[in-house]
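Please look over the sequence and the model shown here before reading on.

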Amino acid sequence: MKFSDGFWMRRPGVSALFAEEAYTIDHVESVDQGSTLRVTAPTKVIGKRGDTLNRPVLTTIISSPMEGVIRIRIEHFAGARTRGGFSLPGAVVGGAGSVRTDAAGGYLESGPIVATVAQGSPWMLDFLVNGERVTGSGPKSQAYLRVADNSGVETGIPTSAVSEVGVPRASSFVHEQLDLSVGELIYGLGERFGPLVKNGQTVEIWNADSGTASEQAYKSIPFYLSSKGYGVLVNDPGHVSFEVGSEAVERVQFSVSGEALEYFVIAGPTPKDVLTRYTQLTGRPPVLPAWSYGLWLSTSFTTDYDEGTVSGFIDEMARRELPISVFHFDCFWMREFNWCDFEWDSRVFPDPEGMLARLHTKDIRISVWINPYIGQRSPLFPEAQEAGYLVKRPDGSVWQWDNWQAGMGLVDFTNPDAVSWFQSHLRRLVGQGVDCFKTDFAERIPTDVMWADGSDPERMHNLYSSLYNRAVHDVLVGARGANDAVLFARSGTVGGQSMPVHWGGDSTSSFDSMAETLRGGLSLALSGFAHWSHDIGGFEGTPDPEVFKRWVAFGLLSSHSRFHGSETYRVPWNFDEEAVEVTRVFTHLKMRLMPYIYQAGVSAAENGIPVLRPMQLEFPGDPAAAYLDRQYMLGADILVAPVFSADGSVDYYLPGGTWTNLLTGEAAEGGLWRREVHDVFSLPLWVREDAVLPWGYDDSRPDYDYLEKLTLVVYPGKPGVTVTTVTMPAGGSEQFTVERTDTDVRVRASSGNAQTFTVTTPGGPSLASQDGEVRFVR
C-alpha cells in the first residue's frame, strides 16, 4: 500500500506524521513484558516548550518476548481498540530482555540481538545481531497516516474481496520502514507463486481463493526472512501491506490500519537460526506419522465414483506395485448442494461404515474432504442458524451468499459451542473409519459481519483459517494422538505450521504451473512451514503424459505426495504405461528413502527447519544460490532439480563441494551451473559431501522398521565426524557415528547392540556390521 508520490510528496488525500526524535527514553518494568524501553517520539523536533502543545506523538515500546527476539510496538492513540496479535506459544511471561539507558540513548538486549534507540533527533532505531547492524528504522520510517475517503490510495485488498466480501475502507494507518542494505534480499511472506525474491514487490497479507497463477495467496504470512540474517514478523492477523523496496526502494515498508502497529525482529545470524526462533515463537509441527509420507490417491473433484471405482483403483495400484498409503474422497462423497452435512451420499455409498472397513483391510488410510461452510440445503443449516452457530451480519441475520454452495453460511469458530457442534460431526466420521481430513477453503471470509466473541472482522479474515484447522486438528489429536493427526489444509496464517500438512492449491496442468507451484512451496518453507504438498499433474485440466511424468518425480520428492485433479482421474495408467513405470520408480525410491525423509520431519518438530528446503536456507553464503527457485534440498543432503520441459532439458546449479549422483553414483565438483537432458526416469538428484544416507529395505510402504536391514551409504567427505540418526515410526531411535580419517572410515551404532546394519559407499562393496560397528579403508 503506497502513501507517497515520489521522494518528497504524499499521494492526494494522504497526511503523514513521522517520528522525528526520541524525546524521552524511559526504562519501564512490566509484569508481562519485563524490562522495556518506552520512547516518546514527537512528530516535530521539540525546540521550545510551545512545541509540545497541540503536537501528536508516537510512542514506541521496545521489549523482548523470548531470547533473540525484539518486540517493537508503535502507538498513536493507545486507548483505541486494537485487533490483537497472533497466539505466541513461545513468548515468555516477564520477557527475555535486559535494558540500560545512558546519555546517548536506550538499549535492549536479548541473546544475540540488541535494539538501540538514539536520544534526540533524527529518529534512529537500530538492530544489531552479534554486534553487526542488520537493519534499522531511520528518519521518516515510523509514521501515522490519515487517508481521505476520496484519496487515490489503493487499499491493496483484492478487488474481488472488496466487491464480494465487503471490506471496510480504513482512514488511519501506521507504517514502519526498515532499511534494506546493498545486495540484501527478502524472502517469505507466505505461499507466493511469483518470484521467490520479494524485492520490488507489493505483497498484501490477505488470504484469497486465488489459484497458483496470481499474485494472491491461500497462505498469507506477515513474516519475512532477510539474507542479512534476521527476520521480521508483523504481529497483526488483519490486512498487512508490504512494500519491499517498491515504494521507498531502500527500505521494506509495512503498514496496518488503525492506531498501532506491532512487529518483531528475530535474530539469526543464519536463516536457519531465524526460522528456529520464529517457529519457537509461533509454533512447530508435531512429528507426523510415517504413513502420511506415502502416496495419496484421490477420487479427483468432479469425477463420478462409487465404492467399486475406489476399490478398483486401489486394487489396480497394488497389482501394478504402485504403493499408496491414503485414499482421499473429495467433495462429492456428500450430496451436491449439501456441503457440508457430513453425511455420505446414500445414493452412491449406501454402506459407508462397511465400505471404510473393507478399504481398511487393504491397509489404506481414508481421507475425506470438508469445508467450514454449511449450504442452505444441508439439514444442518436450520439447526446451526437456530443455535447461533453461523456468522451473522450486523443486523443479526445470518451472513449468506451463493458462491460455491447455494445460500451457504460460515461456521463461527469464535463461538465455543459452534466449535463443539462442528467437531461432533467430525468425531462421528472418525468413528466410522475416517483417518484424516482435507480442510479445504476458509479464504473468502467476509468483513461486513459480526463474530460471536466480538472479534474485529478484519482480524478474522486471515485468522479464520487457523481457528478452522485447529478445530479439526484437535479432533484428530483427541482420537488418534498428537503424532497420528494429519490435515491436508489449503489456507493458513501464522502458526498454521503447527497443524500440517498444507498443499499448494489449484494449479493448472502445465510445466509453467509446475514451476510456479514449486516457487510457492519454497516461499512457504521460508515462512516457517515444514510440510508441504501439491497436486501431482496439476489440478485444472488434464496434463499431457510428459507433464504428468515429470510432475510425478517432483511430487514424490516432496515431503508429501498426492495424485489429485479436477475433472479427470490421476491414476497413472490413464496416461500411458510409461507413466505407470515412472510412478513405480519414484514411489519405490521414496519408500526406500523413508528413514532419511522421516528423520527430516522429526528434526522439523525439534527445530522448525522444513523438510523441503530452499537453496538459500542451506547455502546462505553462496551468492549464486540467492535467486534459485527451480531446485531445492530434500532434507539437508539431497539436491533435487525437477525437469520442467518436455524434452528433458534442465539447467541447475550445483553449489561448491563434491557431489554424488544419487541414481548413478557419478561424482562431480560443484560451484558451477550444469545443463543436462534427462529421460522421464531421471532428474538431477545429487547427494552432498559428508552425507550419510540411511536407506530402508522396504519399497512397498512408508511405515516399516527402518532399522531392519538398514543400509548406511557413506558419501565422500573430509576427515571428521558425522552423526546420523534413524528414528523409528513406532518409537525409539538409533544414532550412527561416522568417523572419517585420511585413511579409513569407522561407523558405529551408539547403542552398541543395534540390529545388524550394512555400510556401503557409492559404487563400493556392502559391509555388514559386527558388534554394532563397521570399519573400512577409504
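**Briefing**

Arg 393 counts as partly exposed, at 26% relative accessibility, where buried means under 20% relative accessible area, exposed over 50%, and partly exposed in between (1.4 Å probe, protein chains only). This is a predicted model, in which local features need pLDDT of at least 70 and side-chain atom pairs count only at pLDDT 80 or more, while totals for chains, interfaces and linings use all residues. Residues are numbered from 1 along each chain as its sequence is written, and side-chain values use heavy atoms, with hydrogens and water left out.

**Salt bridges**

- A salt bridge is taken as a side-chain nitrogen of Lys or Arg within 4 Å of a carboxyl oxygen of Asp or Glu, and by this rule the count comes to 54.
- Asp 448 lies in the loop between β27 (436–439) and α7, and Arg 393 in the loop between α5 (380–387) and β26 (409–410), so the pair ties together parts that are 55 residues apart in sequence; helices (H or I, at least four residues) and strands (E, at least two) are DSSP runs, numbered from the N terminus.
- Asp 448, with a relative accessible area of 29%, is likewise partly exposed.
- Arg 562 and Asp 535 form a salt bridge whose closest N and O atoms are 2.6 Å apart, and this pair links distant parts of the chain, with Arg 562 in strand β31 (residues 561–563) and Asp 535 in strand β30 (residues 535–536), 27 residues apart. Both Arg 562 and Asp 535 are buried.
- Salt bridges that share partners join Asp 209, Asp 440, Glu 443, Arg 444, Arg 490 and Asp 506 into one network.
- In the salt bridge between Asp 51 and Lys 48, the closest N and O atoms are 3.1 Å apart; Asp 51 is buried, at a relative accessible area of 10%, whereas Lys 48 is exposed, at 54%.

**Strand order**

- An open sheet of six strands runs in the order β27-β24-β23-β22-β31-β30, with parallel pairing; two strands pair if DSSP finds at least two bridges between them. Because β27 and β30 stand at the edges with a single partner strand each, one side of each is left without a neighbour in the sheet.
- β30 and β31 pair in the parallel sense over two bridges, and the bridge partner of Asp 535 in β31 is Arg 562.
- Another open sheet, of four strands, has the order β40-β41-β45-β46 and mixed pairing.

**Nonpolar cores**

- A nonpolar core is a set of buried Ala, Val, Leu, Ile, Met, Phe, Trp, Tyr and Cys residues joined through side-chain atoms within 4.5 Å. The largest one has 186 residues, of which Phe 329, Trp 344, Phe 422, Phe 437 and Tyr 464 touch the most other members, and helix α7 (residues 457–480) gives the most to this core, with eight residues.
- Leaving aside neighbours within four places in sequence, Phe 422 is in contact (heavy atoms within 4.5 Å) with residues including Phe 342, Ile 370, Pro 372, Tyr 468 and Val 472.
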